Amino acid sequence: MISFYVSENGSLRESDRVMPGCWVSVVNPTPLEIKELIEVYGLDSGFVKSSLDEEESSRIEREDDQTLIIVDTPVSSVDDDKTRLFYTLPIGIILTDDYVFTISLKDVRIINEAVSGSIRDLRPNFKTRFVLQLLLRIAALFLIYLKQIDKISSAAEQQIHNAMKNELLMQLLALEKSLVYFSTSLKANEATIEKIFRGRVIKLYDEDQDLLEDVLIEMKQAIEMASIYTGILSSMMEGFSSIISNNQNNVMWTLTVLTVIMEIPNIVFAFYGINTGTLPIAATWYFPVALTILLMGIALILILRTRKK
C-alpha cells in the first residue's frame with residue numbers, strides 16, 4: 001500500500017496525490033506497486049529490494065541523487081502459544097530531491113505513530129529533521145519494549161517461584177532471544193547514526209545537531225539497557241536451571257529411598273516363602289510382617305541420617 005502525507009499547520013495530512021516535499025509511506029507493497037516505485041518515482045531497484053528484505057542489516061548508502069537509510073525498528077507480537085515475542089524489522093528510508101519514502105515489509109508501530117500524529121511537528125519537507133525524528137522515536141520504542149521485557153521477566157520470575165511451568169520457562173527463553181535481537185540491531189543502528197553524525201551522507205543543519213545528539217544518547221541508553229537486561233535474564237535462567245537440576249536430584253533421591261524400602265518386604269517374604277522349616281517362627285505370619293516393618297524402619301533411619309550428613 002502506498003500513501004501520501006503532507007505537512008499542514010505542524011501536523012500531517014493524507015493526500016490523494018504525490019507532491020514535492022511530501023512523505024510517501026509504502027507498507028507491504030504488491031509487485032505492481034514495487035514496479036511503480038521504480039519506474040514512476042525513479043527509485044533505485046536495489047534500494048527498494050533492500051528495504052523489503054527482512055534480513056537486511058542497518059546501514060546508510062548513497063547512489064546518485066538518492067540516499068538509503070535502513071534502520072531496525074522493534075516489533076512486538078504474540079504467537080499461538082500466547083508467548084510474547086519481541087523482534088526487529090528493517091525499515092528503509094529513501095531520500096530524493098523531492099520526496100521522502102519509507103518502505104517496510106509490515107505495518108510497524110513507528111509508521112502508525114507518525115501517521116496518527118503521535119510524533120509532534122513532523123514535517124517531511126524538512127527531510128533531514130524528518131529522518132532524525134523517526135530515528136529518535138525508534139530509539140524510544142526500543143526503550144519502551146526493553147522496559148516491557150523487564151516487567152514480563154519479573155512477573156514470570158514471581159510466578160515460577162510458586163509453580164515452575166513450562167509456559168513460563170518458554171516465555172523467559174523467548175525474552176532472552178528477543179534481547180539478543182535487540183542488542184544486535186541497536187549496535188547496527190548506532191553505527192548508522194554515527195555515520196549520519198559525521199555529515200558525509202546527508203546534509204546536516206545547525207538546528208539538527210541537538211536532535212541528532214539526542215538520537216545518539218537514546219540509542220546508547222537502549223544498548224546499555226539491553227546489555228543489563230540480557231545479563232539479568234541470563235543469570236536468572238542459569239539460576240532456574242540449577243533449581244530444576246536440584247529438584248530432579250531430590251526426586252531421584254526420594255524414588256531411590258522408596259525403591260530400597262520397598263525391596264525389604266520382597267526379600268523377607270522371599271525367604272519365608274521357601275519350603276523349609278529352619279527359619280525362626282516360620283509357622284506364624286505375624287513374625288515376618290513385624291520383622292519386615294522393623295527392617296524398613298531401621299533402613300529408613302539409616303538413609304535419613306546419611307542424607308543429613
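Biologist: Hello! Where do I start? How many helices and strands does the protein have?

Modeller: Welcome! This is a predicted model, so please keep that in mind throughout. The protein contains seven helices and seven strands. Following the sequence, the pattern runs β-β-β-α-α-β-β-β-β-α-α-α-α-α.

Biologist: What can I learn about the overall shape from the radius of gyration?

Modeller: Set the value beside that of a compact globule. With 309 residues, such a globule would have a radius of gyration near 19 Å, but this protein has 33 Å. The extent of the C-alpha trace gives another view: about 110 × 40 × 30 Å along the principal axes.

Biologist: And how do contacts tell me which parts of the sequence meet?

Modeller: Take the contacts between residues at least 6 apart in sequence; of these, 62% join residues at least 24 apart.

Biologist: Could we try one residue? Is serine 3 buried or exposed?

Modeller: A residue counts as buried when its relative accessible area is under 20%. Serine 3 has 8% relative accessibility, so serine 3 is buried. You will find serine 3 in strand E1, which covers residues 2-8. Leaving aside residues up to four places away in sequence, serine 3 touches Glu14, Trp23, Val24 and Ser25.

Biologist: Now for charges. How many positive and negative side chains are there?

Modeller: There are 29 positive and 40 negative side chains, and the centres of the two sets lie 8 Å apart.

Biologist: Why can charged side chains pair up?

Modeller: Side chains of opposite charge can pair when their charged atoms come close. In this structure, a search finds seven salt bridges. To call a pair a salt bridge, look for a side-chain nitrogen of Lys or Arg within 4 Å of a carboxyl oxygen of Asp or Glu.

Biologist: What about lysine 220: which residue is its salt-bridge partner?

Modeller: That partner is glutamate 190, and the closest N and O atoms are 2.6 Å apart. This pair links distant parts of the chain, 30 residues apart: lysine 220 is in helix H6 (residues 209-272) and glutamate 190 in helix H5 (residues 166-197). Lysine 220 is partly exposed, with a relative accessible area of 40%, while glutamate 190 has 16% and counts as buried.

Biologist: Which residues are linked in a network of salt bridges?

Modeller: Glu56, Arg59 and Glu61 are linked in such a network. In one of its pairs, the side chains of arginine 59 and glutamate 61 meet with an N to O distance of 2.2 Å. Arginine 59 is partly exposed, with a relative accessible area of 21%, and glutamate 61 is partly exposed too, with 30%.

Biologist: Thank you! I'll look for these pairs in the structure.

Technical notes:
Residues are numbered from 1 along each chain as its sequence is written. This is a predicted model: local features need pLDDT of at least 70, side-chain atom pairs count only at pLDDT 80 or more; totals for chains, interfaces and linings use all residues. Side-chain values use heavy atoms; hydrogens and water are left out. Helices (H or I, at least four residues) and strands (E, at least two) are DSSP runs, numbered from the N terminus. The radius of gyration is taken over C-alpha atoms; the globule rule is 2.2 Å times the number of residues to the power 0.38. Contact means heavy atoms within 4.5 Å. Lys and Arg count as positive and Asp and Glu as negative; His and the chain ends are not counted. The place of a charge is taken as NZ of Lys, CZ of Arg, CG of Asp or CD of Glu. Buried means under 20% relative accessible area, exposed over 50%, partly exposed in between (1.4 Å probe, protein chains only).
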